[in-house]
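Please look at the structure below before reading on.

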Amino acid sequence: MKTIIKKPHLLFFSLVPLFLIIGFIKTNEIIDVTVYNTFFAVKVHYWCYFSAVFLGLIGLNYYLIHWLKKPLVQILSLFHVIFQIAAIVPFVFCIFFINEKRSYNYDSFLNGVDLYNVLSTSFLLFLVSFFLHLLNFFISLISKK
């Protein structure tokens, strides 16, 4: 765990191939996103490719801080990693339960689980982790050794 906190870029670079593989596997599935009265139908593999690029950019930011030998705020790095993993796990969980008919597979153990709420919670956790990352990045750049 200390390695992840001191070198978080390793974690984020290792997540990029995971999302690329999921994107190649899930090419026909669609996530319907509802914003007020507007419906957006986005293919899952686009979400996965976007996530891979975004995680790669976060890893690049952390690698830049590591390369410049600037100190990270370790508690912010810890919370960023925790919130990012907490956002990724439900997102990947929902992706694997989407079928090609634009609906969710409701297996027996998923009975009663609203996967739209799971995706919304995942998105909110992602936003919190993103702001923690930005805060950590700019504090590290501004701080002296």
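A crossing is called left-handed if the near helix is turned anticlockwise from the far one by less than a right angle, and right-handed if clockwise. By this rule, the crossing of α2 and α3 is left-handed. The model is predicted, with local features needing pLDDT of at least 70 and side-chain atom pairs pLDDT 80 or more, while totals for chains, interfaces and linings use all residues. Residues are numbered from 1 along each chain as its sequence is written, and side-chain values use heavy atoms, without hydrogens and water.

**Helix packing**
- Helix α2 (residues 8-25) packs against helix α3 (residues 44-67) at about 165°, with axes 8 Å apart.
- α2 and α3 are therefore roughly antiparallel (angles over 145 degrees, on a scale from 0 to 180 between N-to-C directions).
- The contact of α2 with α3 holds 17 nonpolar, 7 polar and no charged residues.
- The axes of α3 and helix α4 (residues 74-96) come within 12 Å and cross at roughly 165°.
- α3 passes α4 in a left-handed crossing.

**Surface patch**
- A nonpolar patch on the surface, with Phe-13, Leu-60 and Trp-67 among its residues, has about 1,100 Å² of accessible area together (Shrake-Rupley method, 1.4 Å probe).
- Patch residues have over 30% relative accessible area and no salt bridge, with nonpolar side chains joined within 5 Å and like charges within 9 Å.
- A salt bridge is a side-chain nitrogen of Lys or Arg within 4 Å of a carboxyl oxygen of Asp or Glu.
- α3 gives the most to the nonpolar patch, with 6 residues.

Terms used: Helices (H or I, at least four residues) and strands (E, at least two) are DSSP runs, numbered from the N terminus. Angles under 35 degrees count as roughly parallel, over 145 as roughly antiparallel, 65 to 115 as roughly perpendicular and the rest as oblique. Ala, Val, Leu, Ile, Met, Phe, Trp, Tyr, Cys and Pro count as nonpolar, Asp, Glu, Lys and Arg as charged, and the others, Gly among them, as polar.
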